[in-house]
Every structure is written in C-alpha cells, then in structure tokens.
Amino acid sequence: MNSFDYVRPASIAEAVAAASQPGSAYLAGGTNLLDLMKGGIARPGRLVDLNHLAGLDRIEALPGGGMRIGALRRNADLAHDPEFARRFPAVAEALLSGASGQLRNAATVGGNILQRTRCAYFYDAASRCNKRQTGSGCEAQGGDTRSHAVLGWSESCIATHPSDFCVPLVALDAVVEIEGQAGRREVALESFHRLPGDEPAQESVLAPGELIVAIRLPAAAASFSAHARYLKLRERTSYAFAVVSAAAALRTEEGRRGDGARIVEARVALGGVAAKPWRARAAEELLVGSRLDQTAFRGAAEAALGDAKPSGDNAVKIELARCIVARALTLAAAGTPERLPALPASPFATVPGALAHA
Amino acid sequence: MSLSISLTVNGVVRKITLQDPRVTLLDLLREQLHLTGTKKGCDRGQCGACTILVDGRRINSCLALAISHDGSVIRTIEGAAQGDALHPVQAAFIAHDGFQCGFCTPGQIMSAIGLIEEGQAGDDPERVREGMSGNLCRCGAYAGITEAVLEAQRILAERERKEVA
C-alpha cells in the first residue's frame, strides 16, 4: 500500500475542501478502497475519513412514503431497518445477497454506488487496462470474458459494475444527493454512472472532491412493495458477485371483467451486464397492460436484452440474463414473501426436494 | 494529525501510537498488541480469518484502518472466554468438531458470536450457513461449524431466558 496523508474532517464542507485536492480519496467502509490500495490499483495520496462525521448515516422517512438514506449508512443496518425493508423489500433483498455478514457491517451506501469493477484485468496491475491507465489498452478483450459486459460496452472497456444494491435502486428511480465545492446537486442514479465510451476511467458524473451525501427513494417506489424481488445468479451458493442479476417490481390490478390481474406499472433492471446498473425500460413498457404470465415475462426478458451483444466468449450471459429477468418477474408476480428467504435473491432451492422460495 | 488513538481491547483501555496511518486493526492487534489469536489469512477481506467484533459488530479487521477506529471497543478471540470458562461458542466448536487445523477457528468463532448477537439466523441451519459464508474453512469443517453455531445459539437463548425470569 502506498503512503498517504490521513485527514479527519469535522464537517461535510471540510471533507469536500480536503478531497478537492488532487490525489485525494474518501474513506468510508474501506472494504473496496483498502483492498484496491493493497493491490496497488488505487494509490491515493490523501485519505479523507468520513467515518466520524455525525448524521451522515441517518435514515429518514419522507412525507408520502419515500425515504432518504445517509451515504454512511452501513449495508447491514439499512437492510435490517424494518421500515425500509417493508417499503423497499427488493432493495433489502439485494443488500443481503451481497458480500458477507462482516463486509455488510462495514460497507456503506455511498461506497456501494462507487465501488469499482471486479474485472480481473483491472485488478491485475500487470495487465493493460484503460480504466487504470487511459490509452493503455484492454487486456480483457480476447481474454477470460465470462464476467464481462453484454450491454453498453465499448472497444475501450468491457468491464461491469458489480453492485447488487444499485440494481433495484435504479429500477425504483433512486436519486443521488451530491455535495461539492459549488454546492449541492442531485442526479438520478440512472444517469450517475457513465458507460465506458472512449473514457472508461471516468466512471461517474462526480467531479473531483464531490461527495455522495445521501440517496433518496421517491414515494412512488414504495407502491411496488407487494410485488418486488431481486434475483441473482452466482457461481457459488453465497458470498459471490452476480454473473447476472435482475430486479423486478410490479403494480397490478384485478381485471374489470373478471379476466385475471393485469400489470399497471412495471420496473425492471439488470446487474452484472454493463458498466452501470441497467434499467430495462423497453421491458417495462411491454409489460404494462399484460397479464401475469410467462408469455408476458419472457417477452419482457427478450426486450430487456434486445440490444445485447457478447463482448467476448460470454454470449451465454445474454440467455442467462433473459432467464433471470423472466424468473424475477415470475417471483415478483407471486408476491413479496413475508420474510426474506434463507438465501436472499437465490434462484435455486437449497434444500433437496424443496421449491425455491416456497 | 496525531497518530495517537485510544481503543478498548477486550475490556482494557489502550493508548496506542501508530507508526503509520496504513496500519490495519489486524496488524495492530498482531504486531503491536501481540494478540496473535486473530489470524491473517488472505489480508484482502475474502477469507474471514481476521474477523473481530468492533463496537459489537463483526468485521474483517484486515480491511479496517486502525486510525479510523479511534475510540472503538474491540473484542478478539482472546476476550471470548471468561477466565477458564469457555464462551458457549468455543465450547460448542469443541463438542461438534467445528475445526481441524484450527487456523480459521478464531475468525469462525468471532463471526459466530457476531451472527448470534445480530439475531437474524435463529435456529434455521440454512440461515446459519448463509450468515457464516464470509468465513472460509479449507479443512471443510462446515458441517460441524453449523452444528456448533446452532447449539451455541440455543444455549445462549436459554441463558437469556433464565436471566429474564
């Protein structure tokens, strides 16, 4: 790990001023940053420690049913907040399907949004990587691309954003509150992360020194609470990043002539497929007015992956992503379970002979 | 900024001067406080061998900067037993063969204590396995570990009931 100056600001304004100096990085949970520093991938000259700032971990219920969550809120504390989990069950499920108990106790809301890709070539300092060094090339292409992007990638970069949490958040129109030297501004999470283009090192819209102070879920996001799920395909049962994942949320109403329930509004987003959490608006539009059946769900899944193309030897991810979208919609239609399953977000039954999520 | 911090480690307040802000809680415990029960496995937050309780919550001490945890209350495997009386989780690991080589065991035990205090897993073996998935065991003692955590959880719940009564 490189040497750095350690700064402990007493206020958000002090933090922003300190982090606006070139070479600075914010320290929150540290679960991603310290790992990157130990690998020599991140080499900040100054760490601005947010952990002692009072009130940055606050969770507030907003009038009408929305919620505002401070950026320093720990993943475990957010997922286990009963009111939050009741209003936004798919977000709680996504949080609890990520990492391990230890990491969820340390990792924060802001840090999760800003976590770096898990592309092995990004993590290997000996490999060429346009994210680490602009213009150096991308060694992932033509390499082991099993975990790489199938949507929104460019010739410069085929890495994916690894977050679970961000997937239901982007489906539910979460807003990111940002504080910088020029004051406070807000950005929809959907517009927060940048696709790689020819500038893969620029991963978000944040300017140097800008700090995520909170996220907000609007009141409308809570209207999906009865039919909201997050589903995540992993290469082992637990404690693994998603190969592909999907959040699905539905509002339904009974048909007027007794012809069964129909979808009034749908939200669909994908994880593990692109450099950002991927909102599938075409799938959502297709679902409005549809019945809750496999024809509709499979059609939506086709639409969600309509623009997908493999970035290497990973065409399988496109079909896996279609399957996970259809499955997430099926489970959302069945209804949010009273209590999260023992293995949150798992598409598989883990007890022999039992039905998944039975 | 001064690199002097104060930590309460297993009930004892320690004033500590750090040589460098890069020191993790794990290295501080092992190298400076000579509490070598907490193990360094991967040092990258993947194996769980370094699990300790900070302010009652289990975390990976390899990914925690000591300087950032100024003022924290820390519990390590050395603070689990009370004198010669083993913590119920320790006793249950012995009773159920919850280890073979023992390297991951301090982390497993501190993780299990943290999990039980979190109160999310209850008596469901699947929830215990999921809750313990951040602790790897190369010897593959998982079956014994799950049984040990379930038994310790029962004993601690029983003890709590008696204290309330």
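## Domains of chain B

In chain B, 14 residues of domain 1 are in contact with 13 residues of domain 2. On the domain 1 side of this contact, strand 3 (51-54) and strand 4 of chain B each supply at least two residues. Strand 3 of chain B gives the most to that side, with 3 residues. Sorted by class, the side of domain 1 of chain B that touches domain 2 of chain B has 6 nonpolar, 5 polar and 3 charged residues.

The structure is a predicted model. In the domain assignment of chain B, domain 1 covers 4-79 and domain 2 covers 88-164. The C-alpha centres of domain 1 and domain 2 of chain B are 21 Å apart.

Strand 1 (residues 4-9) and strand 2 (residues 12-17) of chain B run antiparallel and are joined by 6 bridges. Together, strand 1 and strand 2 of chain B form a hairpin with 2 residues between them. Asn10(B), in the turn of this hairpin, has a positive phi of about 50°.

Strand 1 of chain B is also joined to strand 5 (residues 73-75) of chain B, in this case by 2 bridges and in the parallel sense.

## Helices 2 and 3 of chain B

Helix 2 (residues 88-95) and helix 3 (residues 105-118) of chain B pack with their axes 9 Å apart, at an angle of about 125°. The two helices of chain B, helix 2 and helix 3, are therefore oblique to each other. Their crossing is right-handed.

Helix 2 of chain B makes this contact through Val89(B), Gln90(B) and Phe93(B), and helix 3 of chain B through Thr105(B), Ile109(B), Ala112(B) and Ile113(B). Of the residues in the contact of helix 2 with helix 3 of chain B, 5 are nonpolar, 2 are polar and none is charged.

Which elements of chain B supply at least two residues each to the side that touches chain A? The interface consists of 27 residues of chain B in contact with 25 residues of chain A. On the chain B side, strand 4 (57-60), helix 3 and helix 4 (125-131) each supply at least two residues.

The side of chain B that touches chain A divides into 8 nonpolar, 10 polar and 9 charged residues.

## Domains of chain A

The domain assignment of chain A gives domain 1 as 5-52 and domain 2 as 223-334. Taken over C-alpha atoms, the centres of domain 1 and domain 2 of chain A are separated by 37 Å.

In chain A, 4 strands form an open sheet with antiparallel pairing, in the order 9-10-11-12. Strand 9 (228-233) and strand 12 (278-279) of chain A stand at the edges and have a single partner strand each, so one side of each is left without a neighbour in the sheet. Strand 12 of chain A pairs with strand 11 (residues 261-271) of chain A in the antiparallel sense over 2 bridges. Ala269(A) stands opposite Arg279(A) in strand 12 of chain A.

Helix 5 (residues 89-96) of chain A lies across strand 9 and strand 10 (244-254) of chain A, at about 25° to strand 9 of chain A. Helix 13 (residues 316-334) of chain A packs on the sheet and touches strand 9, strand 10 and strand 11 of chain A. The direction of helix 13 of chain A makes about 35° with that of strand 10 of chain A.

## Helices 12 and 13 of chain A

How are helix 12 and helix 13 of chain A placed relative to each other? The axes of helix 12 (residues 294-304) and helix 13 of chain A come within 8 Å and cross at roughly 140°. Helix 12 and helix 13 of chain A are therefore oblique to each other. Helix 12 of chain A passes helix 13 of chain A in a right-handed crossing.

In helix 12 of chain A, the residues of the contact are Phe297(A), Arg298(A), Ala300(A), Ala301(A), Glu302(A) and Ala304(A). They meet Arg322(A), Val325(A), Ala326(A), Leu329(A) and Thr330(A) in helix 13 of chain A. By class, the contact of helix 12 with helix 13 of chain A has 7 nonpolar, 1 polar and 3 charged residues.

Definitions and conventions
Residues are numbered from 1 along each chain as its sequence is written. Chains are lettered from A and ligands numbered from 1 in the order in which they are written. This is a predicted model: local features need pLDDT of at least 70, side-chain atom pairs count only at pLDDT 80 or more; totals for chains, interfaces and linings use all residues. Axes are lines fitted to C-alpha atoms, for helices over the stretch in contact, and angles run from 0 to 180 degrees between N-to-C directions. Angles under 35 degrees count as roughly parallel, over 145 as roughly antiparallel, 65 to 115 as roughly perpendicular and the rest as oblique. A crossing is left-handed if the near helix is turned anticlockwise from the far one by less than a right angle, and right-handed if clockwise. Two residues are in contact if their C-beta atoms, placed from the backbone, lie within 7 Å. Ala, Val, Leu, Ile, Met, Phe, Trp, Tyr, Cys and Pro count as nonpolar, Asp, Glu, Lys and Arg as charged, and the others, Gly among them, as polar. Domain bounds come from an automatic or database domain assignment. Two strands pair if DSSP finds at least two bridges between them.
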